[in-house]
Amino acid sequence: MSTPTHRLTTAQALVRFLAAQYTERDGVRQRLIAGTWGIFGHGNVAGIGQALVENAHVMPYHQGRNEQAMVHAAVGYARQRGRLSTQAVTTSIGPGATNLVTGAALATINRLPVLLLPGDYFAAHPADPLLQQLEHPVEADVSVNDTLRPVSRYFDRITRPEALIASALNAMRVLTDPAETGAVTLALPQDVQAEAYDWPGEFFAERVWRVRRPAPDPAELAAAADAIRSASRPLIVAGGGVHHSAAEDALRSLADATGIPVASTQAGKGSLRYDHPADVGGIGHTGTAVADHLARTADLVVGVGTRHTDFTTASGTLFQNPGVGFVNLNITAFDAHKLAATTLVCDARAGLTALTEALAGHRVDAAYEAEYRAGKERWERVVEAALRADDDSAVPTQTQVLGALDTVVGDEDVVINAAGSLPGDLHKLWRARSPRQYHLEYGYSCMGYEIPAAVGVQQAAPDTPVWALVGDGTYLMMPTEIVTAVQEGLPVNVVLVQNHGYASIGGLSESVGAERFGTAYRHRVADGSFTGAPLPVDLAANAGSLGMDVLRAKTVGELREALRTARASDRPTCVYVETDPAPTAPSAEAWWDVPVAEVAGREPAVLARERYDREAARRRRHL
């Protein structure tokens, strides 16, 4: 008996296939590709565009304004849904496709799934070159989409309709693999998109991709447990893998049973609630004093789902105990082997649960527990001082903006940020109340991520208040998806902090002897320098022109009221505030390596190099 076939174009077949893909973990099933973002041009309008029209009943479509921003929105959606559901992004050929590269890099670096469907040149070459084609004199099969290869976890160019079958299945395999996931790119030549083929009916059957939870190897588990039992000053570093695995309860059980303190990376913050006795806050360059002290004196560091980036390790200078060892619990062997660690390659929840059982009856010394709890109390007083504003009529500082927001949000709210000086302040000071509340993209630290990511998070959690915290520099990078929020009726909140320049890089520039060059928004004067009054730019008016409700706050009291109004609104709302530039955030507790000019003719750079040499001399290679 012959297998029924369906005569469809390649694009129609792909959209119908995507609508039938599901994930399942712990008995919960959901759509893998929940919708498709798109900006149409030649290369996708007659293929994917037509297919989305024909299949609108099974594949929701979302209109974006910038291709990079569409990827950010899909990534925000995927992170909020625990990597179990994501969205697709389709673009035209040429600049539409190359605009995907930054978003793809962000997704892959952060290990978050997103499906990219850029149009591509004619596979049959009926006209050569065509509009927007990059001609390569010796490699005729190269297109601008090849820029997506190094930032994709899986890449294929579909040059025949039937080639889609194997490639689409591989794409789903990578998107749902907790160890391999990231950006997946299927480049679609525009003639192939429109070409018809007799597709086997099985291709469109519902397919469930079970997201595995690999258990720890018994020998690795025993070695990890032995290392923890032998340590007198162990420290857990919780990374983003804790959230991706939904392992927060398992981590809390381990901390409750053993008394081991837990520090967190930017991606892992919120793994324990801020007021849990074992939570000592952020670690590394933007970490807390208590966490970084524990890291310097720890004789064992247990990394859970962390990549051990330079911000976490203070560029290799943080873990200073001469006998320090490492245990890395990670679902990827690549990350587990970092820092010459004892490895525990498994799912974070499965591994933490097994460790808790293996360590039954073991608890850290009471004096160590009392030490870090006292340090936590001291740091909480620092936090209170930074967030508190005693005068409601004063212009708020940046940390007081966070303090005002802290008084307004509920446990369920999501706070989004990615770049500038806010990530450091948030990592040190934010009191994360729930696992999804602290949404920092710091793997790529991409300016412009916040607003489109807020759109994606709001789609994933429609009843949740969502806050995008942006500085003026980040806002100017990518405000376009405000229009998308208005169009989609998504009540995202944007807190726009105006400090007239790149505050974070300005401070870094000063510290490395570059004298804040090129970091302020000021008028250019006769000698070519940028001095004088701030530019007469009204970003609040810009947000209003794009369709947001705008609330201007000049004082601490007005700010609190504006935030409360925004949270209660059912419309996209911008709270605009100019801040007092006085530094009120605690200083960095650990170093970060940014090389300084080895020779220079200006004193600030010479002095900065002397400081750099002193810090760099403390670097260790853990072998």
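Reply: A246 counts as partly exposed, because its relative accessibility is 28%, and in this predicted model it has a positive phi of about 55° although it is not a glycine. The residue lies in the loop between α9, which covers residues 240-244, and α10, which covers 248-258.

Another non-glycine residue with a positive phi is Q132, where the angle is about 75°. Q132 is found in the loop between β7 and β8, and with a relative accessible area of 33% it is partly exposed. The loop between β7 (114-120) and β8 (154-157) also holds P129, and the peptide bond leading from D128 into P129 is cis, with omega near 5°.

A341 sits in the loop between α13 (333-336) and β17 (342-345), and it counts as buried because its relative accessibility is 14%, a value under the 20% cut-off for burial. Leaving out residues up to four places away in sequence, A341 touches F326, V327, N328 and A336. A341 and V301 are 40 residues apart in sequence, while their C-alpha atoms are 9.2 Å apart in space.

R433 belongs to the loop between α17 (422-429) and β19 (438-440), and, at 14% relative accessibility, R433 also counts as buried. When its neighbours within four places in sequence are left aside, R433 is in contact with R273, Y274, D406, V409, G410 and D411.

The buried residues are L422, P423, G424, D425, L426, H427, K428 and L429. Both L422 and L426 are touched by L469, whose other contacts, not counting residues up to four places away in sequence, are L402, L405, V415, I416, N417, E450 and V495.

Within the largest nonpolar core, which has 79 residues, W467, L469 and L563 touch the most other members. Helix α15 (residues 366-387) supplies the largest share of this core, namely 6 residues. A second, separate core has 47 residues, among them A104, L116, V494 and L539.

The crossing in which α3 passes α5 is right-handed. On the α3 side the contact is made by Q68, V71, H72 and V75, and on the α5 side by T102, G103, A104, L106 and A107. Sorted by class, this contact of α3 with α5 has 5 nonpolar residues, 4 polar residues and no charged residues. An α-helix has 3.6 residues a turn, so residues three or four places apart point the same way.

Technical notes:
Residues numbered from 1 in each chain as written. Predicted model: local features only at pLDDT ≥ 70, side-chain atom pairs only at ≥ 80, totals over all residues. Heavy atoms only, no water. Left-handed = near helix turned anticlockwise from the far one by under 90°. Helix = DSSP H or I, 4+ residues; strand = E, 2+ residues; numbered from the N terminus. Contact = heavy atoms within 4.5 Å. Nonpolar A, V, L, I, M, F, W, Y, C, P; charged D, E, K, R; others polar. Core = buried A, V, L, I, M, F, W, Y, C linked by side-chain atoms within 4.5 Å. Buried < 20%, exposed > 50% of the residue type's maximum accessible area, 1.4 Å probe, protein only.
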